[in-house]
Amino acid sequence: MKKKFHIRFNSEDEPELLRVLKENKIRFKSVQQSQHRSLIALDIIEGGSHWSSIAPLLKPKNFRLSLNYSPKEMREAKWFSIYPTNRFGYPQPEDVWYPTHFTHKNYDFDSGIYSEQIKPFEIKDEPKTKNVFSSLYWTEEIFVKKFIISMLNDAGITGWKKWPVLIHKTKQPSKTISQLEIMHVLHFEGVMDEHKRYVTESGFEKYVRNSAAPYLYTNELLNIQVDMVLSKEIFGAAKNAARICLVSKKFYDLFKQHKWMGLQFEPVHIVKSS
């Protein structure tokens, strides 16, 4: 596991960094914003070639961090956290759903926290995305192409149930996608010391993720008997709130076998119980 730096900066603001990139022939993307100003973007792995030249010039405002795993680390992981990488629209009607989250019970507007789902999501139109898995803006719920449902069932993937997705104007089920609701929440907590814990004004406990730190769980996680489960902890700043979706190696292997698209996987680190 190594840190990946997603670097973004304006050429006028960081001329020395731009000079080093050019001198070392490091590839980057450039989008011209004016005659003398361009937006520069590149990703680089900590400790890689040219790292020693770039590292002293990096400023926190110019990058965000993620974790980069080797193929061996991915193969050997037993559990993964997943994140949708594609979003195809907003829950409908937008002006009603955002302040109420009427698809779920007990929505707290201050923290963004809610409990179980009671109604299907509504969307504006049939999504045109090519991704097999996707999500909507304002939520981390997982939506899938309809053919995936039978494939998950046939493979014995457990821990989820299907919800229809309605086209808002007609209130008829989508012909192309369904929602996967993850049915179970872990009864134990992870080891979240490296993630920022805070309490909202309404008294709910939440975490803000440190993107440079993995999720840690004790080996109790290895005893879970389903393939998809939600973290006990709730993550998100301000009004964003979601539990982390964790999936088994069985789910990961199925995803890779069929070369599906739309999810990012990150290994969960298993630590010994104290």
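Guide: Strands count as paired if DSSP finds at least two bridges between them. Here six bridges join strand 1 (residues 2-10) to strand 4, and the two run antiparallel.

Visitor: What kind of model is this?

Guide: It is a predicted model, where local features need pLDDT of at least 70, side-chain atom pairs count only at pLDDT 80 or more, and totals for chains, interfaces and linings use all residues. Residues are numbered from 1 along each chain as its sequence is written, and side-chain values use heavy atoms, leaving out hydrogens and water.

Visitor: OK. How many helices and strands does the chain come to?

Guide: Six helices and 17 strands. Both are DSSP runs numbered from the N terminus: helices are H or I with at least four residues, strands E with at least two. The C-alpha atoms fill a box of roughly 55 × 50 × 45 Å along the principal axes.

Visitor: Back to strand 4. In what order do the strands of its open sheet come?

Guide: Four strands make up that open sheet, in the order 2-3-1-4, with antiparallel pairing. Strand 2 (29-34) and strand 4 (63-68) are the edge strands, each pairing on one side only. From one strand to the next, the twist averages 15°.

Visitor: Which residue in strand 4 stands opposite Ile7?

Guide: Phe63 does.

Visitor: And what does helix 1 lie across?

Guide: Helix 1 (residues 15-23) lies across strand 1 and strand 3 (37-45), at about 115° to strand 1. Such angles run from 0 to 180 degrees between N-to-C directions, with axes fitted to C-alpha atoms, for helices over the stretch in contact.

Visitor: Which residues of helix 1 are buried?

Guide: Leu17, Leu18, Val20 and Leu21. Buried means under 20% relative accessible area, exposed over 50%, and partly exposed in between (1.4 Å probe, protein chains only). Those four cover an arc of only 160° around the axis, so they sit on the same side of helix 1. The arc is taken from the directions between the helix axis and the C-beta atoms.

Visitor: What do the buried residues pack against, and which residues are exposed on the other side?

Guide: The buried residues of helix 1 pack against strand 1, strand 3 and helix 2 (51-54). Pro15, Lys22 and Glu23 are exposed on the other side of helix 1. Lys25 follows helix 1 and has a positive phi, near 55°.

Visitor: Where else is there a positive phi in a residue other than glycine?

Guide: His50 has one, near 70°. His50 lies in the loop between strand 3 and helix 2, and is partly exposed because its relative accessibility is 33%. Lys259 also has a positive phi, about 55°, although it is not a glycine. Lys259 is in the loop between helix 6 and strand 16, and at 71% relative accessibility it counts as exposed.

Visitor: Is the peptide bond from Gln92 to Pro93 cis or trans?

Guide: That bond is cis, with omega near -15°. Pro93 is in the loop between strand 5 and helix 4, and Gln92 lies in the loop between strand 5 (79-84) and helix 4 (94-100).

Visitor: Is Gln92 buried or exposed?

Guide: Gln92 counts as buried because its relative accessibility is 10%. Leaving aside neighbours within four places in sequence, Gln92 is in contact (heavy atoms within 4.5 Å) with Phe102, Glu122, Ile123, Lys124 and His168.

Visitor: New topic. Which residues touch the most other members of the largest nonpolar core?

Guide: Phe133, Leu152, Leu180, Met228, Phe251 and Phe265, out of 28 residues in that core. Helix 6 gives the most to this core, with four residues. A nonpolar core is a set of buried Ala, Val, Leu, Ile, Met, Phe, Trp, Tyr and Cys residues joined through side-chain atoms within 4.5 Å.

Visitor: Which residues of helix 6 are buried?

Guide: In helix 6 (residues 249-257), the buried ones are Phe251, Tyr252, Leu254 and Phe255. Their arc around the axis is only 165°, so they are on the same side of helix 6.

Visitor: What does Phe251 touch?

Guide: Not counting residues up to four places away in sequence, Phe251 touches Phe133, Leu152, Ile157, Asp227, Met228, Leu263 and Phe265.

Visitor: Last one: what share of the chain do buried residues make up?

Guide: 46% of the 274 residues.
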